[in-house]
2 protein chains.
Amino acid sequence: MQIAVGKEVDDSRLAAMQAAFPEVTFASAEKDPDCVRDADAYIGRIPAEIHARCTDRLRWVHATGAGIETIIAIPELVASDVVVTNTRGAHAPFVAEHTFALMLALTRRLSEFARDKQDHHYHAYGRGLPLDSLYGKRLLIVGMGNIGRAIANRALAFEMDVVGLDVMAPEQIMDGLTVLPMEHLDTELETTDILVVAVPLTAETTNLIDASRIDALKPGAMVIGISRGNIIDEAALAKRLHDGTLAGAGLDVYAEEPLPPDHMLWDTPRLVMTPHCAPGTPLTRDREFEITHENIRRFVAGEPLLNVCDKVAGF
Amino acid sequence: MQIAVGKEVDDSRLAAMQAAFPEVTFASAEKDPDCVRDADAYIGRIPAEIHARCTDRLRWVHATGAGIETIIAIPELVASDVVVTNTRGAHAPFVAEHTFALMLALTRRLSEFARDKQDHHYHAYGRGLPLDSLYGKRLLIVGMGNIGRAIANRALAFEMDVVGLDVMAPEQIMDGLTVLPMEHLDTELETTDILVVAVPLTAETTNLIDASRIDALKPGAMVIGISRGNIIDEAALAKRLHDGTLAGAGLDVYAEEPLPPDHMLWDTPRLVMTPHCAPGTPLTRDREFEITHENIRRFVAGEPLLNVCDKVAGF
C-alpha cells in the first residue's frame, strides 16, 4: 500500500507516519509529484494538478485541516468514488479562543493600548477610549459545527445571549442555547450585537453575508470571520466600518490570502486583523495528526474512516 | 439627613440620586469640602483630608468601586464605628472579560498583529510568531472573590485546569474547580501555567507575589494582574520578561498610577498593558450605582447595608 503526502506533512511528521505504519510506503508528492500514480491515498489538500496525475488506485483523500473547499473544487474528484475526510474537531477549542481574542480585542481596545505602550502613553480612564463588554450581548453564531459549538459553550460562560444557526435540523445542543435553521438568518441580524461566521465555504455559503445582510445588522454591531474568506462581503464590511455604522470587526480569513500589502482592509478602521492563524498552535497540529494517524490505521485495516465529508455539501 | 458625595459621583448621577431620594440633602464635597461637616454619610473613596473635616455625624462611607485600600489607610476611620461598604459584585464579569483579553492578547499575539496591520504586513502562518492556547493550561487564581469566581467560571468553559486560592476556608464553589487555602501558594506556583492575581490590596497581600515567588513560577508561565498594584513585584516581573523566563504578562494595575512616561514597564517585552480600565464600561457604572442607590435606600430606612467591608481585613 502506498500513501502520498502533500506539503502539509513535514519531514518529521512523515518520518513519524512511516515509523507508525511500516507496512505502508509513504512518499512526498511535493518532492516527487509522479509518486501519486501508485498512491492508494493522499494526505493533504490535494492540488488539482496532482489529482490529475492520480490513477484509479486512489481511494482516499484526507485533509489535515478542517476546510475542504479546495478539494471539492476538483469536479473529477467529487464525481469519483474517492472518500474525502478531514480533521474536524481538532481545531474547535483553538478557533473558539481566537474568536474570543478578536471579540475582546475590539471591546477592550487592545490595538489602541498596544500603540499606547509603544508611545509610553497611559490613556487615563474615560478619556476618549470607551470600553465595551461581551456580558449580556446577543451573539449570533452562523454555523454550529464543532467550532460553532465551542464558541457557544464559552459565550454562555461569558453570560452572553447566544443564538446558533445551522443547516442541520435545529436541536437543543446545550443548556441555555437556541439553535435555529439557517432560514432565520435575516430575521436574526437586526437584533444581533455580534455576528460570528463559522460556516465552511461551500456553494451555499459563498457571499452569504453580502452587502444587504451587513446593512441589515443593528447599528453598533460587530462582525467576526474565522472560517473562510468569500463568505463575508469585505467591501461592504469595510464601508460600514469606515462610516461607523458597525462598531467593529475581527477577521482571521480573507477572500485573498496572503492579503497583499495594498489591500484596502489594512487601512479600514475599527478592524482587528490576524493572518489566518486561528487554529495555529503546536497542540492543534498534534491533534490533527492524531486523527490522521487513526484514519491511516483504519484505512490499512479496512475499517470505516473517521470524519467522512459530504463532497456535495462541502463539509 | 445629609449625604456628601465625592468626585466619583458626576453631576448627572448626583441629580439622579437627589431625584430618587428627595428626603436626603446631597452635596458635592468636591465643590464644597466643608459640606461634610453636616454629612451623615459619604459616597466615594473618601480622601483623608476630607475625612478629617467630618464630625461624629458620619456613620457610613460607601466606595463606588470594589477596592477600599485608600479608605482603610485612614487609621481614624478604621478605629471608628463608621461602616464601610463597596460595590463588589458589580465588576466581576467585566474584570473577568479583561482578564481573558490580557491572556488572549498574549497567547494570540494581538499586539504584534496590531503592529502588522499598521505595516500592511501579513505574517504568514508559522513564520516566527508561534501562537499558544489557553486550552488545557493550568490557571492559578489568587483571590476567589466575585472577580476570581467569574474568571474561574469562564476558564472552565475554556477547558482550562483551574485552581483557586483564597484566605477563606476552601469550599467547592463550582463543579470542576479546586479551591485551596492561601498557604498552598508556594507549592502551586511551580505547576502553574498562568497566574492571575485577583486579591484586594491589603496588609497581607502587599508584595504577595514577590521576586522569590516570581522566580518560583514554571519557566514559560504567564502572570496577569487585574486587582491592584503593589501586589506583584514589578521589577522582578520585568526582569523575567526581559530574560524570557516568563512567556508573558498582562497588567491592568500598577504600583504607580497613572504610570509615568519614563516607567521601565513601557519598554518591557512580552508585556501587555492596559491603563486600569478592566471594569470600565458604562454598564459597570450602572451596576455600581444600582448597588449604591439600594444602599442609600437602606441607610435612609435604617436597614442593614449591602456589601459591608471588614475594615481590618481590607475587603
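In chain B, five strands line up as an open sheet in the order β2-β1-β3-β4-β5, and the pairing is parallel. Strands here are DSSP runs of E with at least two residues, helices are runs of H or I with at least four, and both are numbered from the N terminus. Two strands pair if DSSP finds at least two bridges between them. This is a predicted model, where local features need pLDDT of at least 70, side-chain atom pairs count only at pLDDT 80 or more, and totals for chains, interfaces and linings use all residues. Residues are numbered from 1 along each chain as its sequence is written, with chains lettered from A and ligands numbered from 1 in the order in which they are written.

**The sheet in chain B**
- The edges are β2 (25-28) and β5 (83-85), each pairing on one side only.
- On average, neighbouring strands are turned by 20° against each other, direction ignored.
- β3 (residues 41-43) and β4 (residues 60-62) of chain B pair in the parallel sense over three bridges.
- Across from Ala41(B) you'll find Trp60(B) in β4(B).

**Where the two chains' helices cross**
- Helix α5 (residues 110-118) of chain A and helix α5 (residues 110-118) of chain B have axes that come within 9 Å and cross at roughly 85°; axes are lines fitted to C-alpha atoms, for helices over the stretch in contact, and angles run from 0 to 180 degrees between N-to-C directions.
- So α5(A) and α5(B) are roughly perpendicular to each other (the label covers 65 to 115 degrees).

Methods
Parallel < 35°, antiparallel > 145°, perpendicular 65-115°, else oblique.
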